[in-house]
Structures are given as structure tokens and as C-alpha cells.
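The entries follow in the order I made them.

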Amino acid sequence: MRVHITDAKKQRWEVPYNLLPREQPPALNQYIVWSRKKNLVSVSEYSGSGSDLVFSYISDPFSFSVKRKSNGDTLFDSNSNEFNSLVFKDQYLEISTKLPKDASLYGLGENTQPHGIKLYPNDPSTLYTTDVSAINLNTDLYGSHPVYMDLRNEGGKPYAHGVLLLNSNGMDVFYRGTSLTYKIIGGVLDFYFFAGPTPLNVVDQYTSLIGRPAPMPYWAFGMLLFSLSYNFFAI
């Protein structure tokens with residue numbers, strides 16, 4: 001599922017479509033229309049055919065959520081009293097989502113964290129493609145991969161889903177245990193949600209969008225060591 005939020009009046013920078021082929025968003029004159037009656041804000045829901053994901057939004061103040069049909073689990077919910085629902089300016093974007101306490105998040109590379117790829121509350125996550133050595137901890141490195149995988153246990157059964165924010169601008173991502181906040185210096189909010197429900201499914205769905213990794217030749221992995229006996233002679 002894709003959720004694309006941009007400026008209705010001005011064109012904004014996006015990852016070029018010729019570099020990452022994907023479906024173009026509809027023309028800006030195709031709006032989703034909502035109604036307000038008796039001061040009650042309507043909630044509209046949409047779901048693709050055959051998809052396990054349901055998108056819903058509230059018009060004022062704007063927020064949206066993505067849920068899983070099969071078990072009703074909320075994967076992304078920007079409606080929060082603790083944070084701003086949405087900040088959308090020329091050089092600053094901010095959006096947050098609520099998370100359950102038992103969620104386990106992995107990803108948001110490329111950076112060096114002492115725990116590896118698992119996210120821990122209050123660890124810094126900056127995506128700014130800095131050309132520095134990987135020996136430094138808590139440092140952003142060469143690549144920018146604003147995608148994470150969320151693993152949860154629902155009724156004794158594990159579920160996984162992925163969230164990609166397709167934005168090439170520099171950003172900070174703050175994980176606080178029960179929430180995740182994006183703070184970005186430009187571009188658009190172009191979210192992709194991968195339903196899984198297994199980690200392998202998430203990786204397959206993600207790479208089907210961004211492209212599969214190229215097979216590596218054996219010689220590229222370095223010198224091979226063989227368990228052979230050698231006789232050495234000294235003259």
C-alpha cells in the first residue's frame with residue numbers, strides 16, 4: 001500500500017521516477033472528498049482488492065492509519081495527542097506514529113549502532129549519507145535506507161510488516177519505544193507499507209519495489225581457503 005502526501009499547488013522534490021520506476025500518483029485534480037455534518041469529522045477507509053491492508057484517514061485535523069484486515073492490528077497511526085499530527089513545510093516535514101510496547105523494530109540504515117540493526121528506544125537514527133569510517137559508533141554512513149521492519153506477537157502468532165519512507169532528504173528518526181517520529185528537511189511523504197506477514201515476505205515485497213540485489217560472483221567474496229596439504233621446501 002502506498003500513501004503519497006505532497007503539495008497540491010507546488011511541485012516538490014521526489015526520488016526520480018526514472019531511477020526507481022514506480023506508479024505515478026494521480027493528477028492533482030483528483031481529490032478525496034470528505035464531508036462534515038453536525039461537527040462530526042468523517043472517517044474514510046480504502047483497501048485494495050486482495051490486500052490485507054486498510055487505509056483510513058480523518059480530515060480535520062488530518063491523520064491517517066494503516067491496519068491489517070486479518071487481525072485488526074494497527075501498523076501505522078499518525079493520530080496522536082502527544083505529537084503534532086503532521087507538519088508539512090517547504091524545508092521541514094514531521095510525522096509520527098504510535099507503536100505498541102511489544103513491537104520489535106529493525107532497520108533504518110545505514111548507521112552504526114552498538115546493538116546492530118535492532119532499534120532501541122532513544123538511540124539516535126540519522127540518515128544523511130556521511131562519508132566516514134564505520135568504526136565510529138552512532139554515526140550515519142554511506143547509504144540512506146529509510147525502511148524498517150516491525151515484528152509483533154499477536155495471539156501467540158508472529159507477524160511482520162515493513163514501512164518505507166521514500167524520501168532522499170536528510171532526516172532524523174526518533175524511536176521512543178511507543179512511538180516513531182520522522183523529522184525531514186524536505187521533499188514529500190511517500191510511504192510504502194508491506195504487509196508481510198513473515199519477515200521473508202516483507203523482504204520480498206520490499207525488493208520487488210526497489211529492485212533485487214545483483215548476484216555476486218564467487219571471486220568477489222575474496223580469497224578462498226582450501227583444506228589442502230602443501231609441502232614447502234627451503235633452498
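**Entry 1: the second largest pocket**

I began with the second largest pocket, which holds about 400 Å³ of space. I worked on a predicted model, where local features need pLDDT of at least 70, side-chain atom pairs count only at pLDDT 80 or more, and totals for chains, interfaces and linings use all residues. Residues are numbered from 1 along each chain as its sequence is written, and side-chain values use heavy atoms, with hydrogens and water left out.

I noted the pocket terms: on a 1 Å grid over the protein atoms alone, a pocket is an open set of points where a 1.4 Å probe fits, with protein on both sides within 12 Å along at least five of seven lines, and lining residues have an atom within 4 Å of a point. Grid points are joined across faces, edges and corners, and the volume is the space filled by probe spheres set on the points.

I looked up the lining of this pocket: of its 18 residues, Tyr106, Gly107, Leu108, Ile117 and Val147 are the closest to the centre. β10 (104–112), β12 and α1 (199–210) each supply at least two lining residues, and β10 gives the most, with seven. Helices (H or I, at least four residues) and strands (E, at least two) are DSSP runs, numbered from the N terminus. By class, I found 10 nonpolar, seven polar and one charged residues in the lining. Here Ala, Val, Leu, Ile, Met, Phe, Trp, Tyr, Cys and Pro count as nonpolar, Asp, Glu, Lys and Arg as charged, and the others, Gly among them, as polar.

**Entry 2: salt bridges**

I found eight salt bridges (a side-chain nitrogen of Lys or Arg within 4 Å of a carboxyl oxygen of Asp or Glu). One of them joins Asp90 and Arg12 at 3.7 Å, N to O. Asp90 lies in the loop between β8 (87–88) and β9 (93–98) and Arg12 in the loop between β1 (2–5) and β2 (36–37), so the pair ties together parts that are 78 residues apart in sequence. Asp90 is exposed at 52% relative accessible area, while Arg12 is buried at 13% (buried is under 20%, exposed over 50%, partly exposed in between, with a 1.4 Å probe and protein chains only). Lys10 joins Arg12 and Asp90 in a network of salt bridges.

I then checked Arg152 and Asp73, whose side chains meet at 3.1 Å, N to O, in a salt bridge. Arg152 is in strand β12 (residues 139–154) and Asp73 in the loop between β6 (63–68) and β7 (74–77), 79 residues apart. Both Arg152 and Asp73 are buried.

**Entry 3: Asp150**

I looked up Asp150, which lies in strand β12 and is buried at 0% relative accessible area. Its C-alpha atom is separated by 5.6 Å from that of Ser104, 46 residues apart along the chain. Leaving out residues up to four places away in sequence, Asp150 touches Leu99, Ala103, Ser104, Leu105, Tyr159, Ala160 and His161 (contact means heavy atoms within 4.5 Å).

**Entry 4: the chain and its confidence**

I noted one helix and 16 strands in the protein chain. Of its 235 residues, 40% count as buried. The mean pLDDT (the predictor's confidence in each residue, from 0 to 100) is 85, and 86% of the residues reach 70 or more. Over residues 30–41 pLDDT stays under 50.
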